[in-house]
Amino acid sequence: MTDETTPSRPAAVRSWLREHSELGVCVLLLVLGVLVLTDALTMNVDITQRGPVGPTTVPVAVGTGLLAVAVLLAVDVLRGGRGEAEGGEDVDLDEPADWRTVALLTGVFLAFAVLIGPLGFPISGALLFWGSAYALGSRHHDRDPLIAAGLSLVTYFVFDNLLGVPLPGGPLMGVL
């Protein structure tokens, strides 16, 4: 029997979970850490191992860091720690979301994914950079395409030539 002042057990559990909602982030970090570590430790590295630091070093460090942060955050939350609201951010929560910008950015990213094969990275990357700048509010129609093209070419050269990560060149493959 419960009276009016004593909350029912499901209501008390919901209240406790609401007060400790950051534990959801802990669970997410824990799952990500286990996933990264499992993937890193089951990676076949016999061919690519060229010294003491191999391709599993960074994923193991990231996975271990994710697990450590998950545990430390859970301990902090269970001890009563709460995240503070951001005081320096100038966001009006009464304003509706800007769905036009979200739709434009989504369209730009989808177009990039579709166009990178036939047009290559330099052209599709330039469209990605210019489209993102336009979607986020830049209206310098004379300057933005030039900056986007330059940024795309620099990115292509850094990844393709300096880092050895092959990116599709598209029709510019013979020119670049």
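This is a predicted model: local features need pLDDT of at least 70, side-chain atom pairs count only at pLDDT 80 or more; totals for chains, interfaces and linings use all residues.

Mentor: Start with the setting. The chain has five helices and zero strands. From the N terminus on, the elements run α-α-α-α-α. Of the 176 residues, 21% count as buried. The chain exposes about 12900 Å², and carbon and sulfur atoms supply 67% of that area. Look also at contacts with a separation of 6 or more: residues 24 or more positions apart account for 59% of them.

Now the helix. Helix α5 covers residues 144-162, which makes 19 residues. At 1.5 Å a residue, α5 should span 27 Å. Its end C-alpha atoms are 26 Å apart, which agrees with that expectation.

Next, its two sides. Which residues of α5 are buried? They are D144, A148, S152, T155 and Y156. Seen down the axis of α5, the buried residues fall within an arc of 100 degrees, so they line one face of the helix. The face turned away from that buried side carries the exposed residues L146, V154 and L162.

What covers the buried face? The cover of the buried residues of α5 includes α4. Helix α4 spans residues 99-135.

S152 counts as buried because its relative accessibility is 0%, and the cut-off for buried is under 20%. Set aside its neighbours within four places in sequence. S152 is then in contact with F121, P122, G125, A126 and F129.

Then Y156, another of the buried residues of α5. Y156 belongs to the largest nonpolar core of the chain. That core has six residues: V108, F112, F121, L128, Y156 and L167. Four of its residues come from helix α4, the largest share. As a general point, in soluble globular proteins nonpolar side chains tend to be buried together.

Finish at the end of the helix. Just after α5, G164 takes a positive phi of about 75 degrees.

To recap: the buried residues of α5 line one face, α4 is part of what covers them, and L146, V154 and L162 are exposed on the face turned away.

Definitions and conventions. Residues are numbered from 1 along each chain as its sequence is written. Side-chain values use heavy atoms; hydrogens and water are left out. A nonpolar core is a set of buried Ala, Val, Leu, Ile, Met, Phe, Trp, Tyr and Cys residues joined through side-chain atoms within 4.5 Å. Buried means under 20% relative accessible area, exposed over 50%, partly exposed in between (1.4 Å probe, protein chains only). Helices (H or I, at least four residues) and strands (E, at least two) are DSSP runs, numbered from the N terminus. The expected span of a helix is 1.5 Å times one less than its number of residues. The arc is that of the directions from the helix axis to the C-beta atoms. Contact means heavy atoms within 4.5 Å. Accessible areas come from the Shrake-Rupley method with a 1.4 Å probe; for residues, only the protein chains shown count as cover.
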